[in-house]
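Here is a short walk through a structure that may be new to you. Keep the view open as you read.

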Amino acid sequence: MSIKDKVKMLLKEAELYKSQRLLKESKAKYLEAITLINTNDQIPNKESLISAISKKIDFLNTGITRWEQSASKPEVSPKVQDLIKKLFTADDSLGSEAVKALKSAITLAKFGQYKRAIKEFNNLVGVDQVAIPAAKNSLKCIIEIGSIEDALSQYYQWTKSDVLNEEKKLAIKNYLQEIMERQGVSIPIDVPGSKEEPTKKTVDEKHDHEDDDIIDITSIGIRFNHGPKKGDHVELDVSFQAGNVLSLIVSSNDKLLIESLKVGVRLDDMDFYSPIAIFKGSGVVETNTRIETGPKRGDYSLDIKIHSI
Amino acid sequence: MAIFNIQKREIECKIVYYGPGRCGKTTNLEYIFKAFKKQVTGEMVSVDTEGDSTLFFDFLPLGLGKIKGCDVRVQIFTVPGQQKYSSTRKLVLKGVDGIVFVADSLEVRREKNMLSLKDLQQNLKDYGLSITRVPLVMQYNKRDLANEGLPIMSVEQMERDLNRQLKVPSFQASAIRGAGVGNTLQECLKLTLVSLQRELKWSQ
């Protein structure tokens, strides 16, 4: 094959890759063509040919840069957001409306739809059952698209409007304080309305504080070292998470597993699967209750408290 | 994770098209949407970028009618293939019942295919699933590009690269022309329903 034909072939390949939107592959072929032209004296009009190819490379570079700089999770239309909620929120026929709303707002946040998620979390801050996780998630999202100061401002809005009681204010304050410490920000946070600013942590508060560090767990793995399932490894989906307490449903068919997870049983060898990584840790079975109503009647609802992670 | 409504005798399962960016996952779905009108039960939704790449997912609902006394509905998704969308890809994969891995036949995409398969294996593992057990079908797409003069890999090489250990059913395809698309989907549905039937112990 002559040099001229080789160059023609490379340019054709580059064009075809471009038509496939394989921009980097296209650029590589154009660069190969330029190298070949440069090293050969038989090609007429070398300069103008190289200039034309360079323009094509510039065009590709613009596309590559635009692509690389584009957000990985941009805001989409409300219609698409509704679809995301519908398609990716775990079906929970047992949960209350508030829990369902919380879960669907979490789904929006996971897909980077922070503005709407914040709106939906904030609507739930006044609902007692989900107030704390809603407020924490709202603050997380605010920090994601704004700053710690924005989160603080939101916190003070809640405290002024009395939407939260003292206990909840304190829990959220502690959560925010923890985030700030991690980021090296030192702004004192007031708890408006509280008679005394706590200076020493009680044991319970300390545990609450630890709870705040728990990330979202999607499923767990349990390796049994004793009991009827000794030697087995089981994996279960988490149906709901409140701080460091994970709620799971176990089918009534799995009698041995239900027996192995009696209240108080300590699980020393656990895997906690989060969207970002797997963590090793331990936990304790807090509740093991037979479901009496609804489509999951007969199955068992279990709460496992994370002991260490 | 399939949803089985015992009272209504309805099963809803999830099929995910996985693979590297620009391999033709969306093109597969577009062809299915056009060619399987009878089974399509709603609009195809594509959430894509300005550059025509899938941003979050594509979605297509299908209804397969009654199978062993159950009304079977299928939700088909594609994942965004590019590296930067890794977290979204994992979210879309959650609860999957069957997978079509679309590999790009272009030689220049060989490494991307292997990285994407590795990524699939890791994401499944994170969800407690094994790539060797999940219903999986391989599709070697863009076979038509050989006619345009672009260097493509032989099927043997792609089998060696991607399917040597898995040994799952594989199909050659040209999704843009519809070739191989139906066969791939049918095989994936077959494997998925057999697996669900075994798992859910559903019968007439």
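What covers the buried residues of α6(A)? The cover includes α5 (97-110) and α7 (131-145) of chain A. Helix α6 itself spans residues 114-124 of chain A. Its buried residues are A:Y114, A:A117, A:I118, A:E120, A:F121, A:N122 and A:L124. Keep in mind that this is a predicted model.

Now step back to the whole of chain A. It is divided into domain 1 (3-69), domain 2 (78-211) and domain 3 (219-308). The C-alpha centres of domain 1 and domain 3 of chain A lie 58 Å apart.

Next comes the meeting of the two chains. Here 25 residues of chain A are in contact with 22 residues of chain B. On the chain A side, the elements that give two or more residues are α1 (3-19), α4 (78-88) and β1 (219-223). The most come from α4(A), with 4 residues. By type, this side of chain A divides into 12 nonpolar, 5 polar and 8 charged residues.

Finally, look at the nonpolar cores. The largest has 89 residues. B:V16 and B:F101 have the most contacts inside it. The largest share of this core, 8 residues, comes from α7(A). That helix is also part of what covers the buried residues of α6(A).

Turn to B:F101. Leaving aside neighbours within four places in sequence, B:F101 is in contact with B:Y18, B:G19, B:L117, B:L120, B:L136, B:M138 and B:Q139.

Notes. Residues are numbered from 1 along each chain as its sequence is written. Chains are lettered from A and ligands numbered from 1 in the order in which they are written. This is a predicted model: local features need pLDDT of at least 70, side-chain atom pairs count only at pLDDT 80 or more; totals for chains, interfaces and linings use all residues. Two residues are in contact if their C-beta atoms, placed from the backbone, lie within 7 Å. Ala, Val, Leu, Ile, Met, Phe, Trp, Tyr, Cys and Pro count as nonpolar, Asp, Glu, Lys and Arg as charged, and the others, Gly among them, as polar. A residue is buried if 20 or more other C-beta atoms lie within 10 Å of its own, exposed if 12 or fewer, and partly exposed in between; C-beta atoms are placed from the backbone. Domain bounds come from an automatic or database domain assignment. A nonpolar core is a set of buried Ala, Val, Leu, Ile, Met, Phe, Trp, Tyr and Cys residues joined through C-beta atoms within 7 Å.
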